[in-house]
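Student: I have not looked at this structure before. Can we go through some of its local features one by one?

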Amino acid sequence: MSIKQVKIPASDIALGMYVSGLDRPWAQTPFPVQGVLVRSPSEVKALRAYCDYVYIDTTKGRGPVDSLEPLEIVKTTPSKKTIQASGIHPQAETQLSEHFSVSPIVVRRDVYQEAVPLSEESSRAEQALLNLRGSFTLAVKQIAKGRDFDYGALKTGVTQMVDSVIRCPDAFTWLMRLRMKDQHSHDHSLRSALWAVQFGRYIGMQKADINILCLGTLLKDIGKLKLPNELLRKSHRNREENKEFENFVNYGVEMLRETNKIEPRVISVVRYHCERHDGTGFPQGLVAGKIPLLARIAGIATTYDAISNPRETKEPVAPSRAVSLLYNMRGKKFQEDLAVQFIQSVGLYPTGTLVELTTGDIGVVMEQNPSSRLTPQVAVVHHDAANDEDAYILLCLKDEQAARKVLMENGCDKVRNVERLAIARDLEPSGYDIDMKKVSGLVMQVSDAVAESAVNYRQEQVKAKAGFFAGLRHRLRQ
């Protein structure tokens, strides 16, 4: 299937166009993936601000305005190698777009605009994580034994998690990253639920629906308790073994139904989270819009976490690789705009990502800047630190001038030789000696400083009010 690209000035970008190429690297723009369907005036404004011209794919979106002549037409045909790598025959790819109808995802950016800093939310997020892990672990054990369990406690834990993510998406992400080495396999469901909740927040989903999504994603693998451990641990299964493995979905649905406590919508997420957009999923082989929306989201979140934290390796892959693999599944395994929006919600550099700056310094992403996803807060390794307390330097890359000043004050003179201080690339987590607990201590130091500042402010306000009323009483006596 040929792809038709039209080169147009950035000033001619309009809603409904599919921008497939830019006049600069995608990493230098706010768009984390290559290819974007322009859906909002803010996206039009951003593309115009960063680019002089772009390429649009007229097979995936609207073409240039009729009154304008295209400046350049480029026709390309995928190579045989590309077609084979996709695993889909060209004719089958055409059938996907023609026959698998699905409503576009509704995105509301103005629902959860207020967010508290990571330093302020970290302690509440930690308590919420401990509560949820405890209630979830207990519930799983009791369900496995066919016993009654405290569903109310589990729902309370989910509500606390959702509330924390809505206040500050980075806090839970950081805590999960910090505990990854010790709780690698056990936390897969928790991590998947986190990605799903973050996505729900990103698109402005109602909080009640986010709670259902979180519960369903948490409980999605409950049926695996009925499978033999040898089967679960196998990385490569034959056809018979794979068929037996896929039974975990139906097992899970039966186990949850037997409790007589769990809402049908939660069970629906469990039942359909392994279905895929192109009909290649299981257990029913549903396609596109026949798969419930919450289950579609749970499926993407689960796949993203499985890619990011493969069972057969001790360390996760770099986020950019996980994003690239997930992006290649758009329009095939997953609804295209849903997959793209999910990737944008996660960002190119999620909290906890190991990165290399243009100076060559190594650091860890600490907190996102929602309005500028490519310029987060980063804790940079300080090799010349006199003690452990100063082993990491906290930079906000959004304020480049201030970040340069902080580096120079700490003796990092390499920053003088780079034209732009920014993230050059993300790194595979293995092979770098980064003490995440020390980095976490940096967050807590900031948290303590913020708390102390808040206390001092309140004390000053109390003194000011006391002085005001004392003065008022004095004037009334006169």
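Student: How many of the five residues of strand S8 are buried?
Tutor: This is a predicted model, and in it strand S8 covers residues 377-381. A residue counts as buried when its relative accessible area is under 20%. Strand S8 is mostly covered, and the number of its buried residues is four.

Student: Which residue in S8 is the bridge partner of valine 364?
Tutor: Strand S7 takes in residues 362-367 and pairs with S8 in the antiparallel sense, over four bridges. In S8, the residue bridged to valine 364 is alanine 379.

Student: Which residue does a cis peptide bond join to phenylalanine 282?
Tutor: Most peptide bonds are trans. Here omega is about 10° and the bond is cis.

Student: Is alanine 288 buried or exposed?
Tutor: Alanine 288 is in the loop between H12 and H13, and its phi is positive, near 40°. Its relative accessibility is 1%. Buried means under 20%, so alanine 288 counts as buried.

Student: What is the relative accessible area of asparagine 260?
Tutor: Asparagine 260 sits in the loop between helix H11 (248-259) and H12. Asparagine 260 is not a glycine, yet its phi is positive, about 60°. Asparagine 260 is exposed, and its relative accessible area is 70%.

Technical notes. Residues are numbered from 1 along each chain as its sequence is written. This is a predicted model: local features need pLDDT of at least 70, side-chain atom pairs count only at pLDDT 80 or more; totals for chains, interfaces and linings use all residues. Side-chain values use heavy atoms; hydrogens and water are left out. Buried means under 20% relative accessible area, exposed over 50%, partly exposed in between (1.4 Å probe, protein chains only). Helices (H or I, at least four residues) and strands (E, at least two) are DSSP runs, numbered from the N terminus. Two strands pair if DSSP finds at least two bridges between them.
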